[in-house]
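Hi there,

Here is the structure I promised to send over. Have a look, and then read on for what turned up in it.

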Amino acid sequence: MKSKFKKLSYSFVIAFACLMLYSFTSKNSETIVVKTTIYCDHCKECSSCGDKIEKDLGFSKGIKLVKLDEKSMTISVTYNPKKTSPEEIRKTISKYGFDADDVKADPDAYSKLDECCKKK
């Protein structure tokens, strides 16, 4: 009986994982790569920039996946075009204090960043 339950549990987990993967790659998704400027040398661990960009942006309406590449200074954003737009994504990033392509960082948000995240 336990073996049947285990098999059923594994099947459920695999089905759920496939469903999640499909939702990230479905036709309802588009991806943009936003050029930014990152001065922090420990961005992924920094609560002022890495968390803001990857975690907080990930909770914005229509955003499905956010990947920050601090070496190339880009942010890849997979989103639902029915719920948000590249312009809105860039505005949101600028509200965190970072440049987003041609949208400059919001000065108030920039002033609230940790010193390590600001231009030296």
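Thr84 sits in the loop between E3 and H3 (helices, H or I of at least four residues, and strands, E of at least two, are DSSP runs numbered from the N terminus). Thr84 is buried, with a relative accessible area of 13% (buried means under 20% relative accessible area, exposed over 50%, and partly exposed in between, using a 1.4 Å probe and protein chains only). Its contacts, meaning heavy atoms within 4.5 Å, are with Lys61, Gly62, Ile63, Tyr79 and Ile89, not counting residues up to four places away in sequence.

Before going further, a word on the source: this is a predicted model, in which local features need pLDDT of at least 70 and side-chain atom pairs count only at pLDDT 80 or more, while totals for chains, interfaces and linings use all residues. Residues are numbered from 1 along each chain as its sequence is written, and side-chain values use heavy atoms, with hydrogens and water left out.

Of the 6 residues in strand E3 (residues 74-79), 5 are buried, so the strand is largely enclosed by the rest of the structure. E3 pairs with strand E1 (residues 30-35) through 6 bridges, running antiparallel, and 6 bridges also join E3 to strand E2 (residues 63-69), again antiparallel. (Two strands pair if DSSP finds at least two bridges between them.) Ile75 in E3 stands opposite Val34 and is also the bridge partner of Leu68.

Ile75 turns up again in the largest nonpolar core, which has 19 residues; Leu57, Ile75, Val77, Ile89 and Ile93 have the most contacts inside it. E1, helix H2 (50-58), E2, E3 and H3 each give two or more residues to this core. (Such a core is a set of buried Ala, Val, Leu, Ile, Met, Phe, Trp, Tyr and Cys residues joined through side-chain atoms within 4.5 Å.) Beyond four places away in sequence, Ile75 touches residues including Ile53, Leu57, Val66 and Ile93.

Just after H3, Gly97 takes a positive phi of about 100°.

Met73, in the loop between E2 and E3, has a positive phi of about 55° although it is not a glycine, and is partly exposed at 26% relative accessible area. Asp101, in the loop between H3 and helix H4 (107-111), also has a positive phi, near 55°, and is partly exposed at 31%.

Best wishes
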